[in-house]
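Subject: Handover of a structure, with notes

Dear colleague,

I am passing on the structure below, together with my notes on what its atoms show. Please read the notes with the coordinates open beside you.

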Amino acid sequence: MDRGTFALLRRLRGYYNPEIGVPEQCDPGTACYSAQEAFLDVVMETGPMRALYPFLRDRGREIYQFDLFHFFFHLGLAATSAVGFRREIRQYFFKAYSRSDGAAKDSSGFEHVFLGEVRDKEVTGFHNWVVAYIMEQQTNEFRLSKNKGSCEVSFQLLCANNRV
């Protein structure tokens, strides 16, 4: 967990404030933006992403016939070039949007899914195991409990200063 995507995820995590309503400073030219670029460079070279790109690019191609003319439309689910696909992934991961009723662009897909966000002391998002594992290894803030009778798994985050 100290190299590749894991190390870059750990680095990137430091640029985000989980509090909804507080925007990140990740504009081009910032250290945060550079960290995002480094993360994307490594992610895009992983086996899953190298397999995902042609799969999405080639799905949805259709030939439509209108009257006497044949029109070919590229209706793939991803851009036709690897550079365009990377641009799409950057937008999906890092484009800022508001979770605070338009008050600030304070969220992104990456922040919500990978890091989690805090609203009124309640965690939202946090849909991955990597940061949970990092928290478990680094601190005493993460607890996992499992009730074997009902197969229920629950997580408890004990966050100082709303830090997820």
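Predicted model: local features only at pLDDT ≥ 70, side-chain atom pairs only at ≥ 80, totals over all residues.

Residues are numbered from 1 along each chain as its sequence is written, and side-chain values use heavy atoms, with hydrogens and water left out. Helices (H or I, at least four residues) and strands (E, at least two) are DSSP runs, numbered from the N terminus.

Buried here stands for under 20% relative accessible area, exposed for over 50%, and partly exposed for what lies in between (1.4 Å probe, protein chains only). Phenylalanine 110 touches Leu9, Leu12, Tyr16, Phe39, Phe93, Phe94 and Leu115, when residues up to four places away in sequence are not counted; contact means heavy atoms within 4.5 Å.

Helix α3 (residues 47-58) has twelve residues and reaches 17 Å from its first C-alpha to its last, close to the expected 16 Å, where the expected span is 1.5 Å times one less than the number of residues. Its buried residues are Met49, Tyr53 and Leu56. They cover an arc of only 85 degrees around the axis, which puts them on the same side of α3, the arc being that of the directions from the helix axis to the C-beta atoms. Among the elements that cover these buried residues are α2 (31-44) and α4 (82-94).

Helix α4 has 13 residues, and its end C-alpha atoms are 18 Å apart, in agreement with the 18 Å that it should span. The buried residues of α4 are Gly84, Phe85, Arg86, Ile89, Arg90, Phe93 and Phe94, and what covers them includes α1 (4-13), α2, α3 and α5.

Salt bridges

The structure holds five salt bridges, each defined as a side-chain nitrogen of Lys or Arg within 4 Å of a carboxyl oxygen of Asp or Glu. In one of them, glutamate 37 pairs with arginine 86, the closest N and O atoms being 2.9 Å apart. Glutamate 37 lies in helix α2 and arginine 86 in helix α4, so this pair ties together parts that are 49 residues apart in sequence. Arginine 86 is buried, with a relative accessible area of 19%, and Glu37, Asp41, Arg86 and Arg90 are linked in a network of salt bridges.

Glutamate 117 forms a salt bridge with arginine 99, with the closest N and O atoms 2.8 Å apart. This pair links distant parts of the chain, since glutamate 117 is in strand β3 and arginine 99 in the loop between α4 and α5, 18 residues apart. Glutamate 117 is buried at a relative accessible area of 1%, whereas arginine 99 counts as partly exposed at 24%.Glutamate 111, in helix α5 (residues 109-115), is buried yet has no salt bridge, and the nearest side chain of opposite charge, arginine 99, is 7.1 Å away. For charge, Lys and Arg count as positive and Asp and Glu as negative, with His and the chain ends not counted. Leaving aside neighbours within four places in sequence, glutamate 111 is in contact with Tyr16, Asn17, Pro18, Glu24, Asp106, Gly116 and Glu117.

Individual loop residues

Most residues other than glycine have a negative phi. Aspartate 101, which is not a glycine, has a positive phi of about 55 degrees; aspartate 101 lies in the loop between α4 and α5 and is exposed, with a relative accessible area of 81%. Phenylalanine 126 has a positive phi near 60 degrees and is found in the loop between β4 and α6, but phenylalanine 126 is buried, with a relative accessible area of 14%.

Aspartate 120 sits in the loop between β3 (117-119) and β4 (122-124) and counts as exposed at 70% relative accessibility. The C-alpha atoms of aspartate 120 and isoleucine 20 are separated by 8.7 Å, although the two residues are 100 residues apart along the chain.
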